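Subject: Structure handover and notes

Dear colleague,

I am passing on the structure we spoke about, with my notes below it. Please look it over before you read on.

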Amino acid sequence: MENCIFCKIIKGEIPCSKVYEDDKVLAFNDINPEAPVHVLIVPKTHVQSVMDINADDCQLISHVFYVASKIAEELKISEKGFRIVNNVGENGGQTVSHIHFHLLGGRLLQWPPG
Ligand code: 5GP
Ligand code: ZN
């Protein structure tokens, strides 16, 4: 989608520090990391948020979690644990309107979130 920063990253129009890519998703390091590991896992199709997922997207979303487990293993955060976060809308703190999943790890993460 035009003017979507993540679509531009997916198309290669804006550079990123790539961690993983396949035909369905792109994963790259967050530009403003909140933890030693902070990777964004982004479906290549422009879906605005969880609220816009349809039945055909279900396999794609489970694929995101599978990829998250592989990246966590690769980046050696799987043993100690990590967090997968998806923010939705204004109150959820979503700032980019292209669905994405934060993979956070490498330190003890607080709960509950602020
Ligand atoms: P949200 O707040 O929507 O859940 O997450 C958006 C995330 O995208 C933020 O953590 C922010 O740092 C990251 N971000 C925004 N613009 C860019 C960018 O151009 N490059 C990268 N790598 N991350 C970005
Ligand atoms: Zn987009």
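Does H98 count as buried or exposed? At 0% relative accessibility, H98 counts as buried, where buried stands for under 20% relative accessible area, exposed for over 50% and partly exposed for what lies in between (1.4 Å probe, protein chains only).

Before the rest, some conventions: this is a predicted model, in which local features need pLDDT of at least 70 and side-chain atom pairs count only at pLDDT 80 or more, while totals for chains, interfaces and linings use all residues. Residues are numbered from 1 along each chain as its sequence is written, chains are lettered from A and ligands numbered from 1 in the order in which they are written, and side-chain values use heavy atoms, with hydrogens and water left out.

Zinc site

The zinc ion (ligand 2) is held at 2.0 to 2.3 Å by C4 (SG), C7 (SG), H46 (ND1) and H98 (ND1); donors here are N, O and S atoms within 2.8 Å of the metal (3.2 Å for Na, K and Ca), and since water is not among the atoms, sites may look incomplete. Along the chain, the donors of this zinc ion follow the spacing C-x2-C-x38-H-x51-H.

Aromatic pairs

The count comes to two aromatic pairs, given that rings of Phe, Tyr and Trp (its six-membered ring) pair if their centres lie within 6.5 Å, with planes under 30 degrees apart taken as stacked, over 60 as edge-to-face and the rest as tilted. The rings of F6 and F28 have centres 5.6 Å apart and planes at 80°, so this pair is edge-to-face, and it joins helix 1, which holds F6, to strand 2 (residues 25-29), which holds F28, across 22 residues. Both F6 and F28 are buried. For F65 and F101 the centres are 5.7 Å apart and the planes at 70°, so that pair is edge-to-face. Because F65 lies in helix 2 (residues 58-74) and F101 in strand 5, the pair ties together parts 36 residues apart in sequence. F65, at 40% relative accessibility, counts as partly exposed, whereas F101, at 5%, counts as buried.

Conventions. Helices (H or I, at least four residues) and strands (E, at least two) are DSSP runs, numbered from the N terminus.
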